[in-house]
Number of protein chains: 4
Amino acid sequence: MDTRAISPEPSPWLPFESRRRARDEKREAVLRTAVQLFLEQGYHRATLNGVAERLNITKPALYNYFRSKEDILFECWSIGQERVEDRISETDAMPGSGLLKLRNIVGTYAGIMASAFGASLVRFNVSDLSEPNRKVTLAGKRRIDRAFRGYIRQGIADGSIEPCDIKLTAFAILGALNWIGHWYKPDGDLTPDQIAEDFSVRLTAGLAKRPQKKKARKPA
Amino acid sequence: MDTRAISPEPSPWLPFESRRRARDEKREAVLRTAVQLFLEQGYHRATLNGVAERLNITKPALYNYFRSKEDILFECWSIGQERVEDRISETDAMPGSGLLKLRNIVGTYAGIMASAFGASLVRFNVSDLSEPNRKVTLAGKRRIDRAFRGYIRQGIADGSIEPCDIKLTAFAILGALNWIGHWYKPDGDLTPDQIAEDFSVRLTAGLAKRPQKKKARKPA
Amino acid sequence: MDTRAISPEPSPWLPFESRRRARDEKREAVLRTAVQLFLEQGYHRATLNGVAERLNITKPALYNYFRSKEDILFECWSIGQERVEDRISETDAMPGSGLLKLRNIVGTYAGIMASAFGASLVRFNVSDLSEPNRKVTLAGKRRIDRAFRGYIRQGIADGSIEPCDIKLTAFAILGALNWIGHWYKPDGDLTPDQIAEDFSVRLTAGLAKRPQKKKARKPA
Amino acid sequence: MDTRAISPEPSPWLPFESRRRARDEKREAVLRTAVQLFLEQGYHRATLNGVAERLNITKPALYNYFRSKEDILFECWSIGQERVEDRISETDAMPGSGLLKLRNIVGTYAGIMASAFGASLVRFNVSDLSEPNRKVTLAGKRRIDRAFRGYIRQGIADGSIEPCDIKLTAFAILGALNWIGHWYKPDGDLTPDQIAEDFSVRLTAGLAKRPQKKKARKPA
DNA sequence: TATGAATGAGGATTCATTCAT
DNA sequence: AATGAATGAATCCTCATTCAT
């Protein structure tokens, strides 16, 4: 996802203007601006000064909302992660076959990946986080992996998915999805919805169990 | 690709040893060590001191072989890129259907992605490169995209591949492949060859043109 | 004087409580808390936020009572200094020999040194004060020196003290006394009174003129 | 010890001059300059830039010799501490009565206190050190206390010192000595030797056991 | 070719202080 | 009288890079 061309986030600190929005709103604005800049320039090249400038405030003001630059980074990741986990929870709670659930999560995940916070999940470097945060991050990644594998496993069990190597299948699907975070451009000719719709079919089509009648066609 | 557990690169500057290897060999050793460290810690957290230490030399010595840290980064990327382009050239020269060529490139690309220099292609941040190098890099990425799309297009033309959205198909395949650079661990239970073999089938299976019985729609 | 174990100063801003005490009382509370913190952590490590927190108020509220952090520092010192000067005045006004006066001031000074404001006199760094305040401080220190020397001189004159090097004698006594400010712990096994009583004898014993019988040996 | 008037330390980095002295010599020069500045301005007000400037080098150059500002502070303290402990070791090894040993250590300690590194022991703030260093420092202080008390105890045991409160006696003596670190001025009219000689007598005179003629009560 | 030493540039962070509310 | 928010100034520290040897 190349965000360079994006129109700048509106700042709640618009100069010479009402500066009275709620604290949480400002916090969020910081995050939106920061994630943008981190994606554009990379975490290390992006400076807090840069973030502050885009917000029409000064660098130390950021410290009213975050304890450190890393804190901001981690929050960006967290937001993306939370969005994904919410969808996983929803999907878990869904009725239906494993294949159906997989299709569902693929579509929603694709949509998330086309957002800045979603891209955080794959564009930021885990080794830029402190040990405790890194642990949380890795645990989150594992949970996502596990969820995808779970749907596939369920699908195989319930007969909706052709038996296959679960691990590699999950890797292939997640790879295709995560890659969105690298190539998606908000100003491109594909909308997140289009991508979501397409991928939810494309990435699961090969997995569906084919009718056991006479002949079976090539699976994936 | 987590490279932390990898056995350290042997150093041509091993202390108390003959130090008279060819210049190019040393240059390569620097690159091998650097790419390793960059992957482990990220480009910015990795320091030239760290690279030098692993090589039993001192930081300024590196400047005998490279003009700057970025130069090293770019070279790492270049090696990966070259490997891919070599395979693309071979594939281009191959006889056979588009599907066959796609299968071929997928397999070899997967193998490359499971190497440190291959992972460079997707783990390093383009915005850490200077303008000229960035241009080269982006051009390289485009060539890879184009190659993949080309094989798909050829496959559709020659009837080996079911008609589909070329761009999204290529993105999905490349995503699955590039993701290898993030999850592959040299000490894991999958060898690069196994991955290559599996993916060359897995990622292309859904594309093959199905027998013309009546009508089929399933792409991907 | 380690003050870490001291029970926290009661705050006139106790939350959910009457907040209507007199201004001076609050001012004093700030000083008591500040001096405590300054002694615990050192003037520079202690922050106004820290002071405010212990008082259940916010940092800017402190500025209702003091113009600056240095102002607070200077006031702490001033209180200690005033206490000493009061005792000096009393002692000056006392009837009796130089030795007697010296004993008196040593005892009271020891008691003061075992208090937080007394310790301020020797634990804070003069160079943390602005020029005008520094001058006042140094003048104060000189007045104390002069007072001690005066008593010794008077004692020598009135025959209560054996002739000796006045300056070094004063330094030795003041050193022993000031050191109290560094080692005294409110929760230790020595009360300020015990220290005062002991030191008033200990530090002056060697000075007393010995009976002129035949020969006298050098005292201290 | 006010060092403001002191002639500046000669710098091994004299500009436009031979810059080829041994590493250790430079390290020492940094320490000499730093301790000077720390004493003049206080640890926090003194900046590494200030230290570097006096040495005709730049700030980062200091990091060739020390890991951090605190590291420098701790080294300064260590040098002073080592000097004292060396003298304590010598004194321990000395033959003679407890009183004699006490006199000896008082004299040498006084001399050390009149040096910059000696003054470090009492002018720097323990709470400016990191936890590990602070522990070392406090342990050092305790060893000094213990040594002084040991000599007094020995003196009482061997009859050279009149029985007395060992702890308070030691505090009084150490206080007088440590205070030197605050008032001594290299350009004053007292040399370290004079102070040492005077204090070695002055601070121990009152302790000597008086001839058992009839009965004596005099404490210290 | 290699190194020890030094530097310049830059960034995160802290904190006293101010100001509008 | 009190506060939340913001700021400006300052400092430590890191590191790629250079240079004399």
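# Exercises on a four-chain helical model

Helix 6 (residues 116-123) of chain B is mostly covered, with seven of its eight residues buried (under 20% relative accessible area; exposed is over 50%, partly exposed in between; 1.4 Å probe, protein chains only). This is a predicted model, where local features need pLDDT of at least 70, side-chain atom pairs count only at pLDDT 80 or more, and totals for chains, interfaces and linings use all residues. Residues are numbered from 1 along each chain as its sequence is written, chains are lettered from A and ligands numbered from 1 in the order in which they are written, and side-chain values use heavy atoms, with hydrogens and water left out.

## Exercise 1. A covered helix

Task: state which residues of helix 6 of chain B are buried, and what they pack against.

Solution. 

Step 1. List the residues. Ala116(B), Phe117(B), Gly118(B), Ala119(B), Ser120(B), Leu121(B) and Val122(B) are buried.

Step 2. Find the partners within chain B. The buried residues pack against helix 1 (23-41), helix 4 (69-93), helix 5 (98-113), helix 7 (131-158) and helix 8 (166-183) of chain B.

Step 3. Look across to the other chain. Helix 8 (166-183) of chain A also packs against these buried residues.

Step 4. Take one partner, helix 1 of chain B. Its axis and that of helix 6 of chain B are 10 Å apart, at an angle of about 45°. Axes here are lines fitted to C-alpha atoms, for helices over the stretch in contact, and angles run from 0 to 180 degrees between N-to-C directions. Helix 1 of chain B is therefore oblique to helix 6 of chain B. The cut-offs: under 35 degrees is roughly parallel, over 145 roughly antiparallel, 65 to 115 roughly perpendicular, and the rest oblique.

Step 5. Helix 1 of chain B passes helix 6 of chain B in a left-handed crossing. Left-handed means that the near helix is turned anticlockwise from the far one by less than a right angle; clockwise is right-handed.

Step 6. Name the contacts (heavy atoms within 4.5 Å). From helix 1 of chain B come Leu31(B), Arg32(B), Val35(B) and Leu39(B). They meet Ala116(B), Phe117(B), Ala119(B), Ser120(B) and Arg123(B) in helix 6 of chain B.

## Exercise 2. The fold of chain A

Task: describe chain A by its helices, burial and surface.

Solution. 

Step 1. Count the elements. Chain A has nine helices and zero strands. Helices (H or I, at least four residues) and strands (E, at least two) are DSSP runs, numbered from the N terminus. The pattern along the sequence is α-α-α-α-α-α-α-α-α.

Step 2. Check burial. Chain A has 220 residues, and 50% of them count as buried.

Step 3. Check the surface. Chain A exposes about 10400 Å², and carbon and sulfur atoms supply 51% of that area.

Step 4. Check the range of contacts. Of the contacts in chain A between residues at least 6 apart in sequence, 68% join residues at least 24 apart.

## Exercise 3. Two helix pairs

Task: classify the pair of helices 4 and 7 in chain A, and the pair of helices 7 and 8 in chain C.

Solution. 

Step 1. Start in chain A. The axes of helix 4 (residues 69-93) and helix 7 (residues 131-158) come within 11 Å and cross at roughly 20°. That makes the two helices roughly parallel. Their crossing is left-handed.

Step 2. Name some contacts. Helix 4 of chain A contributes residues including Phe74(A), Trp77(A) and Ile88(A), and helix 7 of chain A residues including Val136(A), Arg143(A) and Tyr151(A).

Step 3. Go to chain C. The axes of helix 7 (residues 131-157) and helix 8 (residues 166-183) come within 9 Å and cross at roughly 125°. These helices are therefore oblique to each other. Their crossing is right-handed.

Step 4. Name some contacts again. Among them are Phe148(C) and Ile152(C) of helix 7 of chain C, with Phe171(C) and Leu174(C) of helix 8 of chain C.

## Exercise 4. Relating the copies

Task: work out how chain A relates to chain B.

Solution. 

Step 1. Compare surfaces. The copies meet through the same surface, because 91% of the interface residues of chain A are also interface residues in chain B.

## Exercise 5. A loop residue

Task: locate Asn56(A) and describe its backbone.

Solution. 

Step 1. Asn56(A) lies in the loop between helix 2 (48-54) and helix 3 (59-62) of chain A.

Step 2. Phi of Asn56(A) is near 60°, a positive value in a residue other than glycine.

Step 3. Asn56(A) counts as partly exposed, at 36% relative accessibility.

Terms used: Copies are superposed by least squares on the C-alpha atoms of residues with pLDDT of at least 70 in both. Accessible areas come from the Shrake-Rupley method with a 1.4 Å probe; for residues, only the protein chains shown count as cover.
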